[in-house]
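Thanks for coming, everyone. Here is the structure for today.

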Amino acid sequence: MDGLEILYTSLQEIFTIKILLLFIIGTISGMIIGSLPGLTTTMGVSLLITFTWGMSLMEALVVIISLHVGGTYGGSTAAIFLNIPGTPAAAATAMDGYPLAKMGKGSLVRGLATIQSSIGTVIGAFVFLFATPILVKFSLNFGSWEYFLLALFGIVVSAKMTSESMLLGIISGCLGLILATVGMDSTYGVIRFTFGITELFDGFGLIPVLIGIFGISEVIDSLINLKPPLKIDKMSSVIPRIKEIVKYQALAFRSTLFGVFIGSIPGVGADVACWVAYDNAKKQSKSPETFGKGNPEGVVAAETANNACVPGTYIPMLSLGIPGDSVTAVILGGLMLHGIQPGPLLGVERPELIYQFFLILLISAVLLLVIGLGFSSFFQKILLVPTSIVLTVVSVLCVVGTFAVNNRIFDIYVMVIFGFIGYGMKKLDLSIPPLVLGIILGPMAETNFRRAMISASYSFMPFITRPISLVLLILIVYNILINFEFFKRIKDQLFKKIKFNLN
């Protein structure tokens, strides 16, 4: 089937009462989770994935993707009205959203954030539709050498972009790679590091690990740092004038490109995209001194970029099997639960999947706009829900969701242990995304390294003689060395010389 036929077939499958209800449930669930400070989109997706077990693939995708889109946008509610980003991706939104709310413009700014989040998702979805097949075809040239280095590249970039210290980020990634070796060796069938525990023969279950490290760790942190009830102002009109919307579209388009591009870099995600777009908006603004004091441009840039980043993160996930961020790391695990293995063969085995992702993103963007504008007061009231109730519900869902995957009490123990590991990492300033990527990409890295060694008679030369492999190797080394002060000075001096010669 060609693209149009696949789109038509997918549309017929989507437009049923059941699927549309799942769209609404996923979008509203995402907005609620995103609105509540302390609950992350990653945690929400990891919880909901366990409840998609038994659903058809299309139903599962609708729930997961719509929650991802809604959750990324939902963080703007608390960011604007409370100066507390509901999710890390809304951190930059708070910079100007909260000062504007204090000026009495909170509702209108929220409306602007809703519209721009929807626009960012739509434009990002079209970029995803055209970019993913190209990258899938390109990845067919990859061999074991390239896949091993690609896994390392994802971990290194994640360590660099999500951690204040490159060294701590690398340590986190290496810890993930070590944990990925637990269980049966896929090449020789040797049992490793299980300490006689038969439940670990298949390694740590991905879903219990993710729910623990993202869900239980947040519960522990919230219990220790329990906050008093929140107070918020009354809502007014949330629909901006057409003139105000059109005014920011050039900035929105620029921010969308930043969002999609950063989303397509393995291991980075919306947390970084919102700050890059915000920084660019400030540099390009005619009044940069007003940023942080109540400039709508800051909200537009941040909210457009973080939602545009959502489709961007699916590009490396589907084409290379490498998660774009921590949320897509969880989604990747969910796809595997449903028998889907993203990667170069996706275009041959499941070409309809790219079009289904595209359609679900578009419909989620429309629902985000309608529900976000129509039920703004409802989502603002969610901020008043007592933390004790929220934590109780989340804890129950964590336990039920973890047990539901394999019906094993052991998985609950794993979840709790990784919950404390996640909490401990936060306190030690160890970045969690590199750890998660290490656990997910560890088997791929190990298997492909062994294949590469065996096929090349244990020679390292193909890593240098193969062009794509060499480029990846250079990028890995560059991203590590550039964090050392000595190499930073060399880079700065080199760029100064180049600039001088050009002038």
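Asn448 touches Ser144, Tyr147 and Phe148, leaving out residues up to four places away in sequence; contact here is heavy atoms within 4.5 Å. This is a predicted model, where local features need pLDDT of at least 70, side-chain atom pairs count only at pLDDT 80 or more, and totals for chains, interfaces and linings use all residues. Residues are numbered from 1 along each chain as its sequence is written, and side-chain values use heavy atoms, with hydrogens and water left out.

Back to Asn448. It sits in helix α19 (residues 432–455). Helices are DSSP runs of H or I, at least four residues, numbered from the N terminus. Is Asn448 buried or exposed? Its relative accessibility is 8%, so Asn448 counts as buried. Buried means under 20% relative accessible area, exposed over 50%, partly exposed in between (1.4 Å probe, protein chains only). The Asn448 side chain also reaches the backbone oxygen of Met444, at 2.8 Å.

Next, the nonpolar core. That term means buried Ala, Val, Leu, Ile, Met, Phe, Trp, Tyr and Cys residues joined through side-chain atoms within 4.5 Å. The largest one has 106 residues. Which members touch the most others? Phe128, Tyr314, Leu335 and Phe357 do. Helix α15 (residues 352–374) gives this core its largest share, 12 residues. Another core, of 14 residues, lies apart from it, and includes Tyr248 and Cys274.

Take Phe357. Among its contacts, not counting residues up to four places away in sequence, are Leu61, Ile65 and Met317.

Last, helix α7. Its buried residues include Met166, Gly169 and Leu179. The face turned away from that buried side carries exposed Leu167 and Ile178.

Conventions. Helix = DSSP H or I, 4+ residues; strand = E, 2+ residues; numbered from the N terminus. Polar contact = N/O pair within 3.5 Å; in protein donor to acceptor, adjacent residues only side chain to side chain.
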